[in-house]
Amino acid sequence: MSTTLTLGKDERLKHRKVIGQLFSKGHSFLVYPYKVVWSATPLVSDFPVQAMFAVTKKSFKSAVKRNTMRRRIKEAYRLNKTGLYNYLIEKNISMTVGFVYLGQDLNTYKDTEVKIILILRRLTEEYEKASR
RNA sequence: GUGGCAGUCUGUUCUAUCGCUCUAUGGAAAUCAUAGGGAGGAAAGUCCGGGCAACACAGAGCGCCGUACUUCCUAACGGGAAGGUACAUGGGCAACCAGGUAACAGAGAGUGCCACAGAAAAUAACCUCCAUAGAGCGAGUAUGAGUUAAAUCAUUCCUGCAAAAUGGGAAGGGUGAAAACGUGGGGUAAGAGCCUACGACGGUAAAAGGUGACUUUUACCGGGGGUAAACCUUACGGGUUGAAAGACCAAAUAUACCGGGAGCAAUUCACAAGCAUUCAGGUGUUUGUGGGUAAUAAGGGCUGCUCGCCCGAUCCCGGGGGGUAGGUCGUUAGAGUAUAAUGGUAACAUUAUGCCCAGAUAAAUGAUAGAACACGACAGAACCCGGCUUAUAGGACUGCCACCUAU
RNA sequence: UGUCCGAUGGUGUAACUGGUAACAUUACUGUCUCUGGAUCAGUCGAGUCUAGGUUCGAGCCCUAGUCGGACAA
């Protein structure tokens, strides 16, 4: 099941309170132009990760540009998340992740994909550091 | 055919793979399967109007806010349609025509303001003008005084200039954004719509046309501005707040209240106060404080368990209301839309037939690969409609005007 | 989603009912000093966020837009 490339409702982070906890208590690191916030918490759903994506209104005034950027990030995450899923299933943990885009320019899909792959690798490293 | 102006419509398409969301069907159910739907003309700005919802509300007035040529359309509007008037533009010799623009009621109700300049910026009167008046100045004639003769002085008369003052008058005065109807004639001391003719403007009345704004004609009247996008007057309209409105369901924790169960500690001394008995004392009784003796209680906290320590008069069980997290509704079938007919100049209305066309809730339309051409503008629904305003690559159509070509 | 404010020299603020956009500071020049600072004297620097309108004349009044901020969970 984890090998499928879906990104349904339960895979997205939706609970308002959980989001609040994530941003107030979670660990964070920066891979420019993305800020990543994560925390290892038990989840209700069957999936090991619940993720959320945000693009600030300051970086893009136009709603259309904001939407496209967010959709590109989501798409890149959807296609490349399997590595992270497998790692977490092995370790039997679950976590919440938040992606925040801080850049000022609209990136192409290829650029975003490269960065997201980087971030997903970095996440496993960060988890190991934190768990020691 | 080209260009300009005005208006209306349109707003990339196709294939494959991987995804998102909603609905229907199947299924015990699912993160499953199948089928279908899935942003705009402005979804934007939030500038108006309405629906919907909650609250408020006898009725009337004041205040506040908004609107302002007419008639119509509409659920309603500050929107639209058709007209009227004014203005500038283009065409035309002109009458007029064309499209455009207008916050287009009232300054003959009141208050305020009008810098600088200018005589004066609003119930005007500085200069000039005219009449009366003549301080005073100058020339001359005559007479007298004076002198050798003059000069000079005095008086009288005439004439010229003329200050102050009183009055008339509003024509002229280099300014200014704006200056008190224009021209001719009369009139006058000087002048003046003071009178008159023609003309312009405004008002009233009548007639004709028009639903009306208004237009045309005739008669009479009038003669001190502008500004209401300054206050204001008149007429008409407006209760307030917005889906984070509002309605319903409802964990966990605490708990008003109700029911059931368990528990709720005895005695004595001293002191103080109140009451009773006739003031005091004494006595009796009630309450409070302190001390002694006896008895130690359910339950709770610390802990893996025991002991121990602490809290301790309330504790346990059940019901229960309000209500938090969360969820459902509100929420998308409607002042809907397409076609046709009828009525109307038109906006629009009525009728008939067909259609169902986003509904998310940290928030759905994307990515990759390929193909086509004009190489894709502005731009993303969040309760829903009707408008307005603003942004917009390219394309199509209609009307008017100009130019060119052909007939 | 809704409501309400603001925008003036490089910076911070004025301009009362429309009438020549003012002050402080910064910068520059001079004075003073051996030099610098401070002091003192002077100069430069805006046409008022943008575009229209009303008016004889708009920073001010009206309309539309741009940007910034505050409030309501």
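Predicted model: local features only at pLDDT ≥ 70, side-chain atom pairs only at ≥ 80, totals over all residues.

Strand β4 covers residues 95-101. It is mostly covered, with six of its seven residues buried.

## Pairing of β4

β4 pairs with strand β2, residues 34-40, in the antiparallel sense. Seven bridges make up that pairing. One bridge links S39 to T96 in β4.

β4 also pairs with strand β3, residues 49-55. Here the strands run parallel, and seven bridges join them. V49 has M95 in β4 as its bridge partner.

## Packing of α3 on α4

Two packed helices are described by the angle between their axes and the distance between the axes. Helix α3 spans residues 82-91, and helix α4 spans residues 109-131. Their axes lie 9 Å apart, at an angle of about 15 degrees. Angles under 35 degrees count as roughly parallel, and α3 and α4 are therefore roughly parallel to each other. Their crossing is left-handed.

## The α3 and α4 contact

Which residues in α3 meet α4? They are G83, L84 and Y87. On the α4 side, the residues are L120, L123 and T124. By class, this contact of α3 with α4 has four nonpolar and two polar residues. No charged residues take part in it.

## In brief

β4 is mostly covered. It has β2 as an antiparallel partner and β3 as a parallel one. α3 and α4 pack with their axes 9 Å apart, in a left-handed crossing.

Note on methods. Residues numbered from 1 in each chain as written. Chains lettered and ligands numbered in written order. Axes fitted to C-alpha atoms, helices over the stretch in contact; angles between N-to-C directions. Helix = DSSP H or I, 4+ residues; strand = E, 2+ residues; numbered from the N terminus. Parallel < 35°, antiparallel > 145°, perpendicular 65-115°, else oblique. Left-handed = near helix turned anticlockwise from the far one by under 90°. Contact = placed C-beta atoms within 7 Å. Nonpolar A, V, L, I, M, F, W, Y, C, P; charged D, E, K, R; others polar. Buried ≥ 20, exposed ≤ 12 C-beta atoms within 10 Å, placed from the backbone. Pairing = 2+ DSSP bridges.
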